[in-house]
Structures are given as C-alpha cells and as structure tokens.
Amino acid sequence: FFIGGEVDVKDLRKAYPKQVGIKVTKDGVLEEITSCWSKREDNGKVGHPIDCPEFIMKGYRNNVCKKGKCRKTVKVAKLGQCSL
C-alpha cells in the first residue's frame, strides 16, 4: 500500500501476526490500528502479540465493519493530512 492511496483491508490485516482493530473515519480514512499484547507474568512487562479480545473487535477501535457491512478498502492519508 502507499501513502495517499488505498489499501485492501484483508492485506492490511495480513500485515499483522494476530487479529487487530482497524479504526477509520466516517470517510474511510485509516485513523488507527490497535494491536494487542500479552502481559508477562514474571515482571508485568509487555510480552508477545495476541489476538485482540472481543471488546476491542466489537468496539469503536474496530469500526471498519458496521452492521454486518465491511469496507473492502481504507484510504491512507498523507502524513500530517487531516480529514474534514
């Protein structure tokens, strides 16, 4: 994918080893990707990537799908570009 263009949501998800949340603006511009990580039991620090739990995948941090309809692509804004 490239900045200023569009990326297929499936390809974006494939770029991560585990399930992530994808948040987009109302116009379909990529706003945030939420990745989830385990917590190490020995020291409480960040461990390894894990699939994001249901409350992330069904919450506002994963709005690429709404009411059973999923976007096929998302727009990638230029660095510093705002959407109105």
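1. A term to begin with: a residue is called buried when its relative accessible area is under 20%, exposed when it is over 50%, and partly exposed in between (1.4 Å probe, protein chains only). Please keep in mind that this is a predicted model, in which local features need pLDDT of at least 70, side-chain atom pairs count only at pLDDT 80 or more, and totals for chains, interfaces and linings use all residues. Residues are numbered from 1 along each chain as its sequence is written, and side-chain values use heavy atoms, with hydrogens and water left out.

2. The overall layout comes next. The protein chain holds two helices and eight strands, where helices (H or I, at least four residues) and strands (E, at least two) are DSSP runs numbered from the N terminus. Their order along the sequence is β-α-β-β-β-β-α-β-β-β. Taken along the principal axes, the C-alpha atoms fill a box of roughly 45 × 30 × 25 Å. Of the 84 residues, 27% count as buried.

3. How many salt bridges does a search of the whole structure find? There are four, a salt bridge being a side-chain nitrogen of Lys or Arg within 4 Å of a carboxyl oxygen of Asp or Glu. Among them is the pair Glu32 and Arg61, whose closest N and O atoms are 2.3 Å apart. This pair links distant parts of the chain, 29 residues apart: Glu32 sits in strand 3, and Arg61 in the loop between helix 2 (54-57) and strand 6 (65-66). Glu32 is partly exposed because its relative accessible area is 23%, and Arg61 is partly exposed because its value is 28%.

4. Two further salt bridges deserve a look. Glu31 and Lys23 meet through their side chains at 3.9 Å, N to O. Glu31 has a relative accessible area of 47%, so it is partly exposed, whereas Lys23, at 17%, counts as buried. Arg40 and Asp42 also pair up, at 2.6 Å, N to O. Here Arg40 is partly exposed at 38%, while Asp42 is exposed at 59%.

5. Is Thr34 buried or exposed? Its relative accessibility is 12%, so Thr34 counts as buried. The side chain of Thr34 makes a polar contact of 3.0 Å with the side chain of Glu32. A polar contact is a pair of N or O atoms within 3.5 Å; within protein, one must be able to donate a hydrogen and the other to accept it, and residues adjacent in sequence count only if both atoms are side-chain atoms.

6. Strand 1 (residues 6-8) contains Glu6, which is partly exposed with a relative accessible area of 45%. Which side chain does Glu6 contact? The partner is the side chain of Thr73, in a polar contact of 3.1 Å.

7. Arg71 counts as partly exposed because its relative accessibility is 33%.
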